[in-house]
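Here's a quick tour for anyone meeting this structure for the first time. Have a look at it, then read on.

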Amino acid sequence: MLTREIIRNERRVELAFEGLRYNDLIRWKIADQVIPQVAYDAKGTKRKFKSYLFPIPLSQMDIMKGVWTQNPNF
């Protein structure tokens, strides 16, 4: 029987070196649970997860002239 956990694990293994894992974590809304568990360097420093949103480009912010506000944490 296919479950969400089996599908997530299959995609994790199949796409391990293709650069698509981050997109899956964002789509499934589990990035805040998974990313802080991954070591960043040899000292054991953990990675930090900022946000599910990307920053709004400065050029777009300039066009909107104060109507938009930047996404949190950017």
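**Two helices side by side**

R8, R11 and R12 in α1 meet R21, D24, R27 and W28 in α2, where a contact means heavy atoms within 4.5 Å. This is a predicted model, so local features need pLDDT of at least 70 and side-chain atom pairs pLDDT 80 or more, while totals for chains, interfaces and linings use all residues. Residues are numbered from 1 along each chain as its sequence is written, and side-chain values use heavy atoms, leaving out hydrogens and water.

**How the helices run**
- The axes of α1 (residues 4–14) and α2 (residues 21–28) come within 10 Å and cross at roughly 160°.
- That makes α1 roughly antiparallel to α2 (angles over 145 degrees count as such).

**The core**
- Six residues form the largest nonpolar core: L25, W28, I30, A31, I35 and F49.
- Such a core is a set of buried Ala, Val, Leu, Ile, Met, Phe, Trp, Tyr and Cys residues joined through side-chain atoms within 4.5 Å; buried means under 20% relative accessible area, exposed over 50%, and partly exposed in between (1.4 Å probe, protein chains only).
- Not counting residues up to four places away in sequence, I30 touches R8, L25 and Y52.

**Around Y52**
- Y52 is partly exposed, at 25% relative accessible area.
- The charged end of K29 sits over the ring of Y52, 4.9 Å from its centre (the cut-offs are NZ of Lys or CZ of Arg within 6 Å of the ring centre and within 35 degrees of the ring normal).

Technical notes. Axes are lines fitted to C-alpha atoms, for helices over the stretch in contact, and angles run from 0 to 180 degrees between N-to-C directions. Helices (H or I, at least four residues) and strands (E, at least two) are DSSP runs, numbered from the N terminus. Angles under 35 degrees count as roughly parallel, over 145 as roughly antiparallel, 65 to 115 as roughly perpendicular and the rest as oblique.
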